[in-house]
Amino acid sequence: MTSAADSTTATEAIGQAAASFSGPAVDARAALTLPYTHVDDVFIDGAWVPARGTGRNPVTDPATGQVWGSVPDGTPEDIDAAVGAARRAFDGGWSRLAPSERAAYLLRIADEVDKRAEELSLTNTRENGSPVSESKGAAANAASIFRYFATLADYLEREDVRPFPRGGGESVVRRDPVGVCALIAPWNFPINLMVIKLAPALLAGCTVVMKPASPTPLSFRLIVDAVAAAGVPAGVVNLVTGSGRLGDTLVRHPAVDKVAFTGSTPVGRKIAAACGELLRPVTLELGGKSSAIVLPDADLDAMSSGLVRSCMRNTGQTCYISTRILAPAGRYDEVVDMVTATIAAGVQGDPLDPATVFGPAATESQYRTVLEYLEVGRAEGARATTGGRTARLGGGLEGGFFVEPTVFADVTPSMRISREEIFGPVISVLKYTDVDEAVALANNTEFGLGGLVFGTDQDAALAVADRMDTGSVGINFFASNHSAPFGGRHNSGLGTEYGIEGLNAYLSYKSIHRRP
Ligand code: NDP
């Protein structure tokens with residue numbers, strides 16, 4: 001495998017490249033040697049093998065707009081081979097290992113992921129523009145997910161015997177793995193949104209075929225390398241790259257038993273329809289438009305320190321962030337001023353620079369979508385208090401997909417920017433008169449994924465959180481906790497990931513009745 005450099009770490013390589021370059025950032029990128037590995041191959045039956053077709057899909061650096069790699073555009077034959085390998089591995093023994101034996105593999109994978117932390121971070125950043133300040137945590141988070149699910153082996157191994165309520169016998173409840181799983185991930189967090197499916201699937205005894213999003217096919221290859229280095233048996237884990245059409249082929253493959261998907265609501269609906277027709281279990285983590293309710297006693301200084309993480313994480317490309325801030329009428333101007341100042345102070349620039357807070361949009365199409373929403377917001381009468389247009393950066397980033405981080409004030413509930421998922425660095429601030437109205441505004445959405453309550457009185461904040469019709473709510477901060485269930489209500493999805501509940505999604509129950 002090509003590593004960052006034989007005698008220097010990847011971070012040092014960036015530092016050297018940055019120090020030696022007096023001109024454009026593209027030169028710094030050219031000097032950076034990243035693991036660009038197995039790029040002609042798909043991973044099937046325990047080995048990197050050439051893809052069956054000749055098509056390629058480009059990989060673009062969104063900070064420069066330049067193509068820096070490509071991977072195979074997989075074919076239905078690749079999917080067939082991958083699903084066949086997964087089926088054989090499932091039937092051939094993986095599903096019959098003791099959960100604690102599979103947990104041991106998860107722990108080994110976690111160690112291997114840790115070893116690849118720098119390469120994972122930098123590859124992630126170059127394929128989707130996530131600032132390194134964000135992507136540097138991806139490996140540690142992925143390793144932590146594998147380690148967390150390893151701890152649930154006990155839960156799977158515990159005997160579950162339930163007496164008949166009226167006597168006369170008992171039932172032994174078995175938790176069997178559901179079978180071969182199709183895992184499909186988006187581009188915003190290409191590593192962790194796949195790992196959160198892969199780890200519980202493997203612990204449960206399932207085998208998998210994974211399809212990453214077209215813009216981000218490279219970083220996950222390093223996770224597959226980690227799986228291979230951990231000695232996971234051939235066929236248990238398979239990876240095929242390709243378009244959404246290939247994803248559809250995978251979803252509908254006759255030998256697939258379950259589908260897990262994260263992405264847009266429209267594609268989620270299509271997958272749900274296909275799975276409905278096939279009576280195939282499916283987990284869907286979809287879009288969101290979450291609200292942050294600022295209570296009258298909120299500490300705005302404290303809110304400011306976590307604002308980017310809670311409301312504009314990953315340049316606004318995070319499904320659960322609260323991009324609608326609901327402020328009490330009496331403090332509206334104060335909240336708008338604080339949000340504006342906080343967002344305006346975030347450095348926008350090269351995502352490879354550790355000081356950068358806001359990077360580019362991940363793709364050109366996402367960039368255009370966000371710019372359209374800025375137009376829509378202005379046309380609807382919202383007032384941009386900071387940002388509001390495309391960002392023009394120099395130093396080699398002229399072709400990058402940068403949009404100015406934007407705050408809109410004077411937003412009303414009927415405006416499209418307040419109702420639709422933008423998936424970019426755009427926050428709307430709305431006004432409410434009393435807490436009942438704030439809760440009603442927060443719940444008046446087609447989605448139900450995240451949410452926040454900012455307030456000094458924790459009990460009062462908790463009472464408001466309890467009234468929010470959503471899968472997760474944070475009080476004064478938001479972070480995902482992989483031991484607690486995470487899932488969307490309404491158009492935000494079906495089913496649950498994370499926690500024991502997320503593991504259950506990869507199980508099929510069987511009751512064996514007996515008279516002791
Ligand atoms: P999509 O929903 O189109 O893509 C997500 C994944 O599904 C990708 O791997 C994609 O492949 C694949 N896919 C696309 N069509 C199908 C299909 N018919 N059957 C099976 N798999 C399919 O998201 P986009 O990348 O287009 O993003 C569009 C919008 O989605 C964003 O603007 C945002 O609003 C929302 N989004 C939400 C996310 C979340 O975390 N909830 C994450 C990302 C986006 P390919 O990339 O090859 O098309």
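Guide: Let us start with a pair of residues: Val-453 stands opposite Ile-475 in strand S18. This is a predicted model, in which local features need pLDDT of at least 70 and side-chain atom pairs count only at pLDDT 80 or more, while totals for chains, interfaces and linings use all residues. Residues are numbered from 1 along each chain as its sequence is written, and side-chain values use heavy atoms, with hydrogens and water left out.

Visitor: How many bridges join strand S17 to S18?

Guide: Strands (E, at least two residues) and helices (H or I, at least four) are DSSP runs, numbered from the N terminus. Two strands pair if DSSP finds at least two bridges between them. Here two bridges join S17 (residues 452-454) to S18, and the two strands run parallel.

Visitor: What is the order of the strands in the open sheet of seven?

Guide: The order is S14-S15-S16-S13-S12-S17-S18, and the pairing is mixed. At the edges are strand S14 (383-386) and strand S18 (474-475), each of which pairs on one side only. Helix H16 (residues 364-379) packs on this sheet and touches strand S15 (406-409) and strand S16 (426-432). Contact means heavy atoms within 4.5 Å. The direction of H16 makes about 20° with that of S15; axes are lines fitted to C-alpha atoms, for helices over the stretch in contact, and angles run from 0 to 180 degrees between N-to-C directions.

Visitor: Why is one side of strand S5 and of strand S20 left without a neighbour in the other sheet?

Guide: That open sheet has three strands in the order S5-S6-S20, with antiparallel pairing. S5 (161-163) and S20 (507-514) stand at its edges with a single partner strand each, so one side of each has no neighbour in the sheet. On average, neighbouring strands of this sheet are turned by 30° against each other, direction ignored. Three bridges join S5 to strand S6 (residues 170-177), and Arg-162 stands opposite Ser-171 in S6.

Visitor: Which residues are closest to the ligand?

Guide: A residue is near a molecule if one of its heavy atoms lies within 4 Å of it. By that criterion 28 residues surround the ligand, and the closest are Ala-185, Trp-187, Ser-214, Ser-264 and Glu-421. For polar contacts one looks for a pair of N or O atoms within 3.5 Å. An oxygen atom of the ligand is 3.5 Å from an N or O atom in the side chain of Asn-188. A nitrogen atom of the ligand lies 3.4 Å from a polar backbone atom of Asp-248, and a backbone N or O atom of Leu-286 is 2.9 Å from a ligand nitrogen atom. Taken alone the ligand exposes 870 Å², of which the protein buries 84%; accessible areas come from the Shrake-Rupley method with a 1.4 Å probe.

Visitor: Is Thr-216 buried or exposed?

Guide: Buried means under 20% relative accessible area, exposed over 50%, and partly exposed in between (1.4 Å probe, protein chains only). Thr-216 counts as buried because its relative accessibility is 1%. Thr-216 is in the loop between strand S8 (207-211) and helix H10 (219-229). Its contacts, not counting residues up to four places away in sequence, are Glu-127, Asn-128, Pro-186, Trp-187 and Pro-190.

Visitor: What is the phi of His-38?

Guide: Most residues other than glycine have a negative phi. His-38 is not a glycine, yet has a positive phi of about 55°. His-38 is in the loop between helix H2 (25-30) and strand S1 (41-44), and is partly exposed at 22%.

Terms used. A polar contact is a pair of N or O atoms within 3.5 Å; within protein, one must be able to donate a hydrogen and the other to accept it, and residues adjacent in sequence count only if both atoms are side-chain atoms.
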